[in-house]
Each structure stands twice: as C-alpha cells, then as structure tokens.
Amino acid sequence: MSLTQRIESLDRRWIFLVMLVAMSFPLIVHMKLPVRASPEARGFYENIEKLQAGDVVYLASDYDPGGKAELDPMLLAVLDRLFQKNVKIVGATLWPAGSPLLERAYKAEAPKYNKVYGVDYVHLGFKEGKENVMVQLGKSIREVFPVDYYGTPLDSLPLMHSGLNGKPIDKLNDTKLLVNISIGYPGTKEWVQQVRSRFNLPMISGCAAVSAPEYFPYVQSGQLSGLLGGLAGAAEYEEMIDRPGWGVTGMAAQSLAHVTIVLLIVLGNFVYFWNRRQGVSRP
Amino acid sequence: MLRREVPILLAMIVGWFMVGEFFFPWAEPAGTEVQQMAVIITATGVILGVANVIRINLLKVSRRERDWRYSILLLVGLGVMALLGTILPVVHAAVHGGGWKIGPFNLVGITDGTLFDRLYNRVYVPLSATMYGLLAFYIASAAFRAFRVRTMDATLLAVAAIIVMIGRVPLGEKIWDGIPLLTDWIMNVPQLAAKRAILIGAALGGIATGLKILLGIERNFLGSD
Amino acid sequence: MKLFDPSRFPIFLAIALLGILTVWLITRARRGESFFIRKIAGLEAVEEAVGRATEMGKPILYVPGIDDANNIQTIYSMIILGYVAKMVARYETPLIVPIAKAFVMPLAEETTRQAYLDAGHPDAYNRNNIRYLSDEQFAFAAGVNGIILRERPAANLYMGSFFAESLLLAETGFQTGAIQIAGTANIHQLPFFVVACDYTLIGEEFFAATAYLSREERLVGTLKAIDYVKIVIIVVLVAGTLLASVHVNFLHEFLNLE
C-alpha cells in the first residue's frame with residue numbers, strides 16, 4: 001500500500017490525536033490572538049451599553065452542562081458587564097439542568113461588585129413548559145415563578161419591586177431587555193417567536209456557534225438586536241468590554257483547530273484525487 | 001369512539017381557542033388560564049416520563065435483557081438524585097429537622113453547598129460537557145473522510161467553508177484583512193438567503209401540520225390509524 | 001378592549017389562506033386528482049436500503065429524533081416509520097427503533113405494530129426492538145452508538161428532530177459501512193448529516209417525505225397547499241422589494257413590518 005493509500009484509509013484515531021495536539025498546544029503555551037468584533041456581536045454589546053444603572057433585564061439562561069464550554073464564558077462576561085453597570089438582573093432557565101449553572105455564574109460574578117441577592121439579582125430557577133412558560137412570563141412572572149430558586153416568595157425580594165416608579169416587576173415588558181443565552185430548544189428561536197413578536201421586548205442572544213447562522217435572518221430583520229455565536233462570540237464580547245476570559249483564551253486553540261480541519265480537508269482531497277489518478281482510490 | 005374521537009375533539013377545541021386568543025384580545029384572560037394548565041400538564045408529563053424510565057429499566061433488569069447492568073446504574077443514579085433533590089427536602093420540611101449533613105455537604109436541597117450540587121458538578125457536568133466536546137473530533141474525522149470536491153457544487157462549498165472557518169477566528173485577520181470581510185459577506189448574503197428560504201419552508205410545513213391537527217385531518221399523534 | 005387586534009391581520013390572512021388551500025386541495029386529492037411531486041433521491045433510496053439490509057441479513061436502524069411527541073417532526077417521523085415498518089415487515093428484516101422520549105415510546109410501538117399488521121406479518125413484530133434508551137441527549141447518543149457498533153445495521157435512517165448528537169450518530173454509522181439516510185428540519189444539523197450520510201432530506205423534503213411515500217390524499221393536498229402559499233410569498237417578496245425600491249410603502253405598512 002502506498003503512502004497516499006495509507007493516508008486515505010487512516011484510522012480516525014490518528015485524526016483525533018492531531019486535533020488534540022492542535023487544540024492543546026495554544027493552551028499550554030498561553031498563545032493569545034487579537035479578536036475582531038463582528039457586526040452582530042457589536043449589536044449585542046451596544047444594547048447592553050445602552051442600559052442605565054437601575055434598569056432591569058430578564059436573563060434567560062437556557063443551556064445545560066453540554067453547552068457549558070461555549071456559553072459559560074458568554075454568560076460570565078454578560079453578568080460581569082451588567083453588574084459593573086449596576087443593572088439589575090432577573091434570571092431563570094427553561095432547561096431542567098440549567099439552574100445550577102446560572103447559580104454558579106451568579107456566585108462567580110456578583111461578589112466582585114458587592115452585589116446582593118434579592119436586591120441586585122434574582123434566580124427564579126427552572127420551570128417546565130417551554131413556549132408556554134415564555135408566553136406566560138410575558139403576562140405574569142409571579143404566576144409562573146411564585147417563589148425563586150431558593151423557595152423565597154417573589155414579593156419579599158426587593159428587586160421585584162424596583163420597576164419604574166417603584167412598580168413591581170411582574171411581566172417581561174417591565175424589564176428593559178431580554179438577554180438570552182441558549183444552546184438548543186427551547187432557545188433563541190422560540191424566544192423570538194413567542195416573546196419578541198408578541199410583546200415587542202428588545203432582545204439580544206448568545207448561542208452555540210452551530211446555531212448562529214440560523215439566527216442571522218432574525219438579526220437582519222431587527223428581531224434580534226445582537227447575536228454572539230459560540231466561543232468566538234464570547235471572545236468578541238470579552239474583548240469589547242476589556243475583560244479577557246475563557247473566550248479570548250480559547251480563541252488560539254479554536255483558531256488552530258479550524259486551521260487543522262482545513263488542512264485535513266485539503267489533505268483528504270489531495271490523497272483522494274492522487275489515488276484516483278493512480279486508479280486505486282476508495283469510492 | 002372515546003379512544004380517538006375525544007382526544008381529537010379536545011385538540012381541535014383547545015387548539016382553535018388558542019389560535020383565536022392570539023387575534024382576539026378579549027379572549028386573553030381565558031387563554032392565560034389555558035396556558036397555565038398547559039404548564040401544569042407539561043410538568044406532570046415529566047413525572048410520567050420518570051415513571052416510564054423506571055418501569056422500562058426495571059423490566060430490563062428483571063428479564064436480564066442486553067446491558068441490564070447499565071439499567072441498575074441508571075436506576076441507582078436516578079434514585080440518589082431524586083432522594084437528595086426531591087424526597088429528602090420534603091421529608092426535612094415535614095419533620096422541621098435541623099441541619100442534615102454528610103461531611104461538609106448539606107443533604108437537603110439542590111443549591112450550592114449541597115451533596116446534590118456536588119454530584120451535579122463533579123459527575124453530570126464533566127460527563128455532559130465531554131460528550132459535547134467529542135463533536136470537535138468527529139467533525140475533523142468527517143471533514144477528512146467525506147469532504148470531497150468531486151463536483152462544482154462541492155468545490156464552492158469547500159471554498160466557502162474554508163473562508164468562513166478561517167474568517168471566524170482571529171487567525172483569519174492575521175493572514176489577510178479581507179478574510180473577515182469575505183466571511184461576513186458569505187454569512188450575511190448567500191448563507192442568510194438560503195437559511196431564510198429553508199426557515200420559511202420548514203415553518204410552512206410546521207404550520208400546515210398544525211392546521212391539519214386543528215382541522216382533525218391529522219391523527220397520527222394518537223398512534224396509527 | 002378591541003374585538004380584533006388589527007396589527008395581527010396579515011398573520012390571520014396568511015393562516016386563513018393556508019387553511020383554505022389545505023382543505024380545498026385535500027378535497028381535490030380525495031376526488032382522485034393526482035398531483036405531481038418531484039423525485040426525492042433520499043426517499044427513493046429507502047427501498048434500496050431495506051433491500052440491502054435484507055440481502056445482508058442485517059437489521060435496519062430507525063432513529064425518530066430526540067424531541068418529544070408534541071414536536072411536528074416527531075409526528076412526521078412516526079408516519080415515515082409506519083411506512084418503513086410496513087416495507088420491512090414484508091421482508092421480515094429486523095427493525096430497531098431507539099427512542100429518546102418516554103412519551104414517544106407508545107407512539108412508536110403502536111405505529112410499528114400496526115404496520116406489521118397491515119403488511120400481514122403480525123408475528124414478525126418484535127416489541128423488544130422498540131427501545132427506550134434515555135431522555136438525556138448524549139446518553140441517548142451513546143446508547144444508539146452502542147446499538148450501531150454491536151448490531152451493525154446495514155441501513156440507518158435518521159428521521160426527525162436532531163441536535164448536537166446528529167454527527168455522533170452519523171459518523172459512528174459511517175464507520176460500520178451502513179447506508180445512511182437522514183431527514184430533519186433542524187437546519188443547523190443539516191451540514192453534519194450531508195457530510196456523514198449518503199442521502200439527506202433537507203428541511204421541507206422531510207415534511208414532503210410522508211406525502212411522497214404514502215401518496216395519502218391529506219398529505220399530498222397539504223404539500224400542494226404549502227407550494228401555493230410559497231408562490232404567494234415569492235410574489236409578495238418580489239413585489240415588496242420592487243415597491244420598497246421606489247419608496248412605495250403600502251405593502252410594508254400593511255404587513256406591519258418594523
């Protein structure tokens with residue numbers, strides 16, 4: 001068997017090894033690359049920058065541990081910026097395994113800015129119901145979440161009474177912005193369909209890189225005011241708020257991984273056409 | 001008649017009412033009530049789902065079917081997490097007990113500092129994240145093996161894919177300033193047009209099926225005819 | 001309080017149009033009128049896949065997605081499963097159906113059992129081949145991969161709503177040399193299926209599959225109604241673009257676009 005034939009029928013574990021080396025190397029040597037913000041990420045950034053101190057946002061943290069690698073950096077960066085701007089946060093999740101992730105994110109960021117639970121941020125927890133819950137939140141948050149993640153009645157949380165002129169925060173429109181970080185269903189598309197269209201609440205979203213192209217039509221139509229796509233999106237946002245985190249750190253590794261895949265495609269095609277010329281290619 | 005006609009009628013009545021609620025504001029209060037019922041029914045469905053999981057896996061163990069040992073593992077994991085997250089908190093609240101701890105971990109509840117949270121973060125999170133992380137390797141393997149530029153379409157696809165892959169990471173700008181701009185153009189023009197068309201098509205398909213259910217034409221959600 | 005929300009009138013009109021067309025075209029189909037549906041390569045390959053599996057004496061794997069019974073794609077997947085099961089029953093080839101949601105399990109069992117009955121081979125139906133694996137996405141993927149690697153099906157059909165596990169399934173199936181046909185309306189997973197499978201039904205082709213395979217009047221009528229509505233959308237798109245280009249905005253205002 002010639003070299004090109006051996007390459008063409010290479011055991012995929014060698015490819016896995018090459019990928020592992022390509023992704024690990026930049027992390028080991030602490031390689032850093034400058035990050036350029038895309039127009040969609042810029043929209044995400046600008047919508048958060050428009051918020052004033054005391055504004056309330058609804059944070060829909062809809063992902064589970066599978067999406068942690070891509071979306072945790074995004075969530076942490078967003079929380080950091082919102083706390084820094086003294087924006088108040090009402091957070092919840094529609095994914096059963098999502099609540100502890102939001103709790104950990106709060107616990108990582110809130111102490112940096114001396115934020116107090118119940119005054120500056122609230123964790124409503126998880127509710128099953130998907131789109132039904134989204135629509136219900138547009139009508140009454142208390143009907144959906146009578147108590148928070150820790151079992152405290154919402155009425156006893158000062159944040160839930162910090163709407164305009166001291167009015168209660170009782171529906172999504174009592175907040176200024178919907179910030180959605182999601183990885184699948186229910187997620188960005190459902191929030192756009194059920195909430196953005198129905199209640200006209202401005203919305204920005206962070207999602208997995210694989211889903212981002214699907215939401216470009218919503219960005220172009222104005223239904224989404226900003227979009228972060230995957231770890232690259234997280235890196236772009238971290239760069240814009242000057243808070244380098246796992247997003248920026250991961251960019252070198254992701255860059256090398258992408259280059260490796262491109263080289264693999266080129267190599268795969270080269271050996272295929274070479275072997276075909278020799279009359280020995282696999283179908 | 002009860003088995004098929006009643007569910008179909010129920011689906012039609014509730015379905016049409018909810019469609020109407022979207023267009024007629026005076027129906028909104030009643031629509032809100034129906035949505036709350038839907039939230040409760042969906043939540044109840046989770047309980048049925050868990051009961052089904054237990055039933056199927058117990059059957060597997062009792063009949064010593066293939067991989068029955070994994071079913072034991074599943075049932076133990078389910079039992080432990082249910083005990084810590086649901087049963088113990090209810091019992092604790094009922095007996096108004098003090099702190100129930102094992103080592104440094106609170107046995108009651110699911111929040112930070114509890115044994116449930118520890119198991120979630122040390123077992124479930126790494127397992128789940130690892131499975132998702134496998135995709136990177138599988139993509140590389142699939143790209144090497146299957147991405148063949150045999151036709152003009154495939155060539156265009158390969159070129160676009162390479163530009164976007166390089167343009168979406170910082171390395172692209174380092175290689176050439178124009179790559180990110182080209183990437184943005186590909187994502188915002190041809191890609192977006194195609195995605196929008198597929199989105200419209202898929203949405204129409206979904207709406208049409210929904211309409212068929214509302215009109216009682218589609219009955220496959222009940223099982224075979 | 002208003003009787004009717006005028007801002008939602010265009011949506012009302014669109015739904016009414018689709019509903020009227022659906023009913024009208026289904027009626028026409030029931031009267032015997034035949035409608036043209038173009039060839040879809042992936043669906044033509046289903047019978048080839050079943051034949052191949054029968055010749056090799058290996059089972060067929062049918063994965064109906066990981067979403068719940070209330071998802072449109074899961075409903076369509078059950079219809080396609082019925083058709084495939086009927087075909088498979090004729091050849092008495094084993095059909096393995098791994099399930100990801102507890103509520104889909106009875107649907108799949110009922111659909112498959114009925115298909116075997118309709119094909120005249122009720123004894124060939126094996127309830128143990130309809131296997132509920134796990135609600136958890138990657139646990140389900142691991143379970144299906146295990147089935148693929150142990151039982152080595154000759155044909156893998158992935159029809160329904162898939163997410164991140166799609167490439168895990170398809171790539172493992174490729175490793176075993178199975179012929180693979182996928183269909184999903186989750187467009188973010190289509191690239192992975194296109195790369196790893198022999199045939200892929202893209203978006204609407206998946207919805208058309210049921211009408212294509214069964215030629216049932218209600219399904220064909222619905223498919224044609226969607227086609228007509230698409231024509232209307234194209235006309236509106238072109239007209240809207242032209243009018244907006246000359247700053248005539250009545251269509252834009254009527255459709256209540258932001």
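Visitor: Okay, a residue is buried if 20 or more other C-beta atoms lie within 10 Å of its own. What percentage of the 225 residues of chain B count as buried, then?

Guide: In this predicted model, 23% of the 225 residues of chain B count as buried.

Visitor: Thanks! How many helices and strands does chain B have?

Guide: There are eight helices and two strands in chain B. Reading from the N terminus, the order of elements is α-α-α-β-β-α-α-α-α-α.

Visitor: What about contacts in chain B, how many of them join residues at least 24 apart?

Guide: Taking contacts between residues at least 6 apart in sequence, 22% join residues at least 24 apart.

Visitor: Where in chain B is confidence lowest, and where is it highest?

Guide: The lowest is strand β1 (residues 101-102) of chain B, with a mean of 81, while helix α7 (residues 178-188) of chain B is highest, at 91. For chain B overall, the mean pLDDT is 85, and 96% of its residues reach 70 or more.

Visitor: I clicked on Val19(B). Which helix is that in?

Guide: Val19(B) belongs to helix α1 (residues 5-23) of chain B.

Visitor: Why does Val19(B) count as partly exposed?

Guide: Val19(B) has 17 C-beta neighbours inside 10 Å. A residue needs 20 or more to be buried and 12 or fewer to be exposed, so with 17 Val19(B) counts as partly exposed.

Visitor: How many Å separate the C-alpha atoms of Val19(B) and Lys101(B)?

Guide: They are separated by 51 Å. Along the chain, Val19(B) and Lys101(B) are 82 residues apart.

Visitor: Switching to interfaces. How many residues of chains A and B are in contact?

Guide: On chain A, 49 residues are in contact with 48 residues of chain B. Elements of chain A that each supply at least two residues to that side include α2 (12-28), α4 (68-84) and α11 (246-278). The largest share comes from α11(A), with 14 residues.

Visitor: What's the class breakdown on the side of chain A that touches chain B?

Guide: That side has 26 nonpolar, 13 polar and 10 charged residues.

Visitor: And how many residues does the contact take from chain C and from chain B?

Guide: This contact takes 48 residues from chain C and 42 residues from chain B. On the side of chain C that touches chain B, the largest share is from α9(C), at seven residues. By class, this side of chain C has 32 nonpolar, seven polar and nine charged residues.

Visitor: Last topic, α2(C). Where is its kink centred?

Guide: The kink, of about 25°, is centred on Glu47(C). Helix α2 (residues 41-56) of chain C has 16 residues and reaches 22 Å from its first C-alpha to its last, close to the 22 Å expected. Just after α2(C), Gly57(C) takes a positive phi of about 70°.

Visitor: Which residues are buried in α2(C), and what do the buried residues pack against?

Guide: Gly42(C), Leu43(C), Val46(C), Ala49(C), Val50(C) and Ala53(C) are buried in α2(C). The buried residues of α2(C) pack against elements of chain C including β1 (60-63), α3 (72-91), β5 (179-184) and α8 (204-214).

Conventions. Residues numbered from 1 in each chain as written. Chains lettered and ligands numbered in written order. Predicted model: local features only at pLDDT ≥ 70, side-chain atom pairs only at ≥ 80, totals over all residues. Contact = placed C-beta atoms within 7 Å. Helix = DSSP H or I, 4+ residues; strand = E, 2+ residues; numbered from the N terminus. Nonpolar A, V, L, I, M, F, W, Y, C, P; charged D, E, K, R; others polar. Expected span 1.5 Å × (residues − 1). Bend = angle between axes of the 7 residues up to and from the residue. pLDDT = per-residue confidence, 0-100.
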